[in-house]
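User: I would like to learn how to read the features of a protein model, one at a time, with the general idea stated before the particular case.

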Amino acid sequence: MTNHGGRFGGSWTKAKLDILEGYLDAYTTALKNQPFRLWYIDAFAGSGSVQLRKPDDGADAFLDGSVRRALEVSNPPFDRLVFIEKDRNRCAALDSLRTEYVSRDIRVQNDEANAYLQGLKPPGNVRGVLFLDPFATQVSMKTLRHIATLNCFDTWILFPVSAVARMLPKSRQPDDVSSSWARRLNHVYGDDSWRSLYRPAAQRNLWQLAETTREPGLAELAAIYRERLSEAFGPRLLEGSAELRNSRDSVLFELIFCVGNPAGIGTAKTIAAYLLNKI
Ligand SMILES: C[S@@+](CC[C@H](N)C(=O)[O-])C[C@H]1O[C@@H](n2cnc3c(N)ncnc32)[C@H](O)[C@@H]1O
């Protein structure tokens, strides 16, 4: 395997990629005899490989990234693989994969993921899997709402718990969020419902029923996000999800799954839940 320069993560990286790989294999097999064109869309594609530092001796280690894992799916393969990547050098690395995977229909898009996905209108016979693996807060709820209306892409989303938590003010007052960070949070959540994290909560103490401002927990950041997803995907949002933690046991991302086509809810959720439970 060749490295093309991405240095993206730790052991949680392997966990998310193993889940994706398991899902992609099961997905094309399950739809093998259906009259659909199967697409894989990787909206934050990277370069094909992931470079990690081994915790024991600090040496570099390499992993097949999401793109290579999707290209390796073979029973049957995807009919089309769309790799969206903003970085030109990584796009060049993705382009070079054509020589290794000559039989695959590979489309490399040097584009901004949200812009590309919001313009996506696949033909009616397309079904597929969309992987949203950003560094941080790049994925907008507007994009996810559009994907939900297409009814054809099973979608894996990494919700950036720690990046969102870092944007919230230490003062615990929503008005202290800078206007640029408020815009960013609105982009992620699709509205300003993240402000409800600071909603005063009634708490009883010995003497009175007082209103106090709560300190938001990380679970609430994701819970409000899931409420927005549930408005877009309805029962297609999988109830369970998985926390991806770094070596210091801090939550970095929450891995969330939504089904594309309502007809596939049962099978898709069963497979996704099985894979998430293995973490
Ligand atoms: C976490 S890495 C993806 C790793 C990849 N899934 C893998 O397994 O190899 C995120 C990638 O998204 C790209 N990126 C960042 N912002 C982007 C955007 N707005 N649109 C498209 N690509 C973006 C980065 O250049 C980077 O390659």
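User: By class, how many nonpolar, polar and charged residues does the shell around the ligand have?

Analyst: This is a predicted model, in which local features need pLDDT of at least 70 and side-chain atom pairs count only at pLDDT 80 or more, while totals for chains, interfaces and linings use all residues. Residues are numbered from 1 along each chain as its sequence is written. A residue is near a molecule if its C-beta atom, placed from the backbone, lies within 6 Å of it. For the classes, Ala, Val, Leu, Ile, Met, Phe, Trp, Tyr, Cys and Pro count as nonpolar, Asp, Glu, Lys and Arg as charged, and the others, Gly among them, as polar. Here the shell has 8 nonpolar, 5 polar and 6 charged residues, and of the 19 residues around the ligand, Phe44, Gly46, Gly65, Lys86 and Ala113 come nearest.

User: Which residues of H8 are buried, and which are exposed on the other side?

Analyst: An α-helix has 3.6 residues a turn, so residues three or four places apart point the same way. A residue is called buried if 20 or more other C-beta atoms, placed from the backbone, lie within 10 Å of its own, exposed if 12 or fewer do, and partly exposed in between. Helices (H or I, at least four residues) and strands (E, at least two) are DSSP runs, numbered from the N terminus. In H8 the buried residues are Leu221, Ala222, Tyr225, Leu229 and Phe233. They cover an arc of only 95° around the axis (the arc of the directions from the helix axis to the C-beta atoms), which puts them on the same side of H8. On the other side of H8, Ala219 and Ala223 are exposed.

User: What covers the buried residues of H8?

Analyst: Contact is the idea needed here: two residues are in contact if their C-beta atoms, placed from the backbone, lie within 7 Å. The cover over the buried residues of H8 includes helix H5 (141-150), strand S7 (153-159), helix H6 (161-167), helix H7 (179-189) and strand S11 (251-258). Just after H8, Gly234 takes a positive phi of about 55°.

User: How many residues of S7 are buried, and which lie on each side?

Analyst: In a regular strand the side chains alternate between the two faces of the sheet. In S7, 7 of the 7 residues are buried, so the strand is largely enclosed by the rest of the structure. Phe153, Thr155, Ile157 and Phe159 are buried on one side, and Asp154, Trp156 and Leu158 on the other, which leaves both faces covered. Strands pair if DSSP finds at least two bridges between them, and strand S6 (residues 126-132) pairs with S7 in the parallel sense over 5 bridges. Within this pairing, Gly128 stands opposite Phe153.

User: Where is Leu185, and what does Leu185 touch?

Analyst: Leu185 has its place in helix H7 and, with 22 C-beta neighbours inside 10 Å, counts as buried. Leaving aside residues up to four places away in sequence, Leu185 touches Val164, Met167, Val177 and Trp194.
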